[in-house]
Amino acid sequence: MTVLILTGEEDVTADMVVVHLNASSVPVVRLDPADLTAGAALSGEYVHGSFRGHLSAGGRLVSVSGLRSVWVRRPGVPAARAAQPSAWLTEEAAQALYGMLRGCAARWMNHPDAAPRARHKPWQLWLAQRSGLPVPATLITTFPQAAREFAERFPDLVVKPVSGAHPQEPPRAVPTSRVAPEADFGAVAYGPTLLQRRVAKRADIRLTVVGDTLLAARKATPADADPDEVDVRFATSGTPWLPAEVPPRVAAAVRTYLREAELAYGAFDFAEDADGTWWFLECNQSGQFGFIEVETGQPIARTIAEWLAHPTPRGREQVNGRRTVAP
Amino acid sequence: MQPFALNYARPAVEREVTTPYVYDSGLQLNVTVDGRIAASDHALLRELGTTTSTAGSKTHFDD
C-alpha cells in the first residue's frame, strides 16, 4: 500500500517525511497536480459496478485502490504546467484528480472537504471557543462605529487579515500589527477588518498536532521586546524555539477542535500571557513544521510518516473524513 | 478607499534564495550537488529558511 503525497518538487519539508517513509520501506508516490498532463497522468474507469483508477508521476504508477493515505501538503494548481494551461483545464484536472481520490478508502491528511472550511479564521475562532480554548476578544466588521466602540472597550488592539492571505498587486505582506491609539476606523467600511485584543505575551507557542500526537514548541518573548512587534513571523528576536509541555486542558481542547474540524493535522498558534494562559490565535491546517523540527529536534516528520504509513481502515471514508483523525 | 488592514501592509520581501539542491525524481527527494539528501541536513535547512513559517506567500495562506 502506497502513500500519495500531493506537493511540489521544491517542497523540502515534504522530503523530511519521505526520508522516514523510505527508511520504513513504505512505498511513496509524490505527485504535483500542477504537472497533470505534463509529467503526471491519471485514469479512472467506472465499469460493471466498480472503479479502477491509476495515477502516474515521475515514472511511477499506482492504483488508487492501493493507496493507504493521501497527504495534501503543498499541491500546485492542477494542470498549471500543462502545455496550454487555462482556468477551464485547471477545473477539469482538479475535478478529475480530487474527485477520483475522494472515492478511495485512504486516510487523508487533510481531507479536501475539511481543509477549505478549516482555513476560515472566523470559523476557527468559533470552533476554538466551542472547544474550550481561550480566544482573545475579537471583532470582524465593516462598520466603523462598531470598530470604534470595540476600541473603547479594548483599547489595546491588533489588526490582521481575515483570510490570512496577502495582497499581490503589488506584493505586500500584512503582518499582525498593533493598532495605534488614535487610529481612524473610517476605512473599516472598505473591507472586513479583524480587530483583536492584544495579548501581552511572554511567549509564542506553536503546537503541532499529528493525529493524536501533540508536539508543542515555545519561543520566549524577550523582556525588552518592542510591544509593537506582534507577529512572530516578522520578529527580530533571536530567542530559540524550545520544546514545551502542553497543559492538559489545552490538550483536551485541541483534540476536540481537530475532531470537530475533521483534521488529521493542525499547527496551532497561541500567545502565552503572564499568567501562563495559552490564547488561541489560529490553526493552520497545513502549517509549516520543518523550522520547528530543525530548532527543537522534535520528531514531527517521523510522526507524520508514521501516521501516513498506518494501515488503511477498510471501508469508505465518511463525508469530510471523520476517520481521518487517528484513534 | 483602502481597507483599514492595508494601512499596516508592508512590501513583501521576495527571498531570492538559490537553493543548493535539485529534485531527484528517482529518489523523490531534493539532493545537494554532492549527492546528500537536503532534508537530512538541518544546518542547511536552517540556513536557507526553506521550511520556515512565513507571511505573504503567493500560493499558500497556511503557514
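In this predicted model, A:Thr303 is buried, because 23 other C-beta atoms lie within 10 Å of its own, and 20 or more count as buried. The residue is placed in helix α8 of chain A, which spans residues 300-309. Beyond its neighbours within four places in sequence, A:Thr303 is in contact with A:Val210, A:Thr213 and A:Leu215. A separation of 274 residues in sequence lies between A:Thr303 and A:Val29, and their C-alpha atoms are 19 Å apart in space.

Contacts between the two chains involve 37 residues of chain B and 43 residues of chain A. On the side of chain B that touches chain A, two or more residues each come from β1 (10-11), β3 and α1 of chain B. The most is given by α1(B), with 3 residues. By residue class, this side of chain B consists of 17 nonpolar, 14 polar and 6 charged residues. Strand β10 of chain A (residues 172-173) runs antiparallel to β1(B), and 2 bridges join them. Within this pairing, A:Arg172 stands opposite B:Pro11.

The model has an ipTM of 0.87 and a pTM of 0.92. For chain B, the mean pLDDT is 82, with 78% of residues at 70 or more. Where pLDDT is low, predicted coordinates should not be read in detail.

How values were computed. Residues are numbered from 1 along each chain as its sequence is written. Chains are lettered from A and ligands numbered from 1 in the order in which they are written. This is a predicted model: local features need pLDDT of at least 70, side-chain atom pairs count only at pLDDT 80 or more; totals for chains, interfaces and linings use all residues. pLDDT is the predictor's confidence in each residue, from 0 to 100. Helices (H or I, at least four residues) and strands (E, at least two) are DSSP runs, numbered from the N terminus. A residue is buried if 20 or more other C-beta atoms lie within 10 Å of its own, exposed if 12 or fewer, and partly exposed in between; C-beta atoms are placed from the backbone. Two residues are in contact if their C-beta atoms, placed from the backbone, lie within 7 Å. Ala, Val, Leu, Ile, Met, Phe, Trp, Tyr, Cys and Pro count as nonpolar, Asp, Glu, Lys and Arg as charged, and the others, Gly among them, as polar. Two strands pair if DSSP finds at least two bridges between them.
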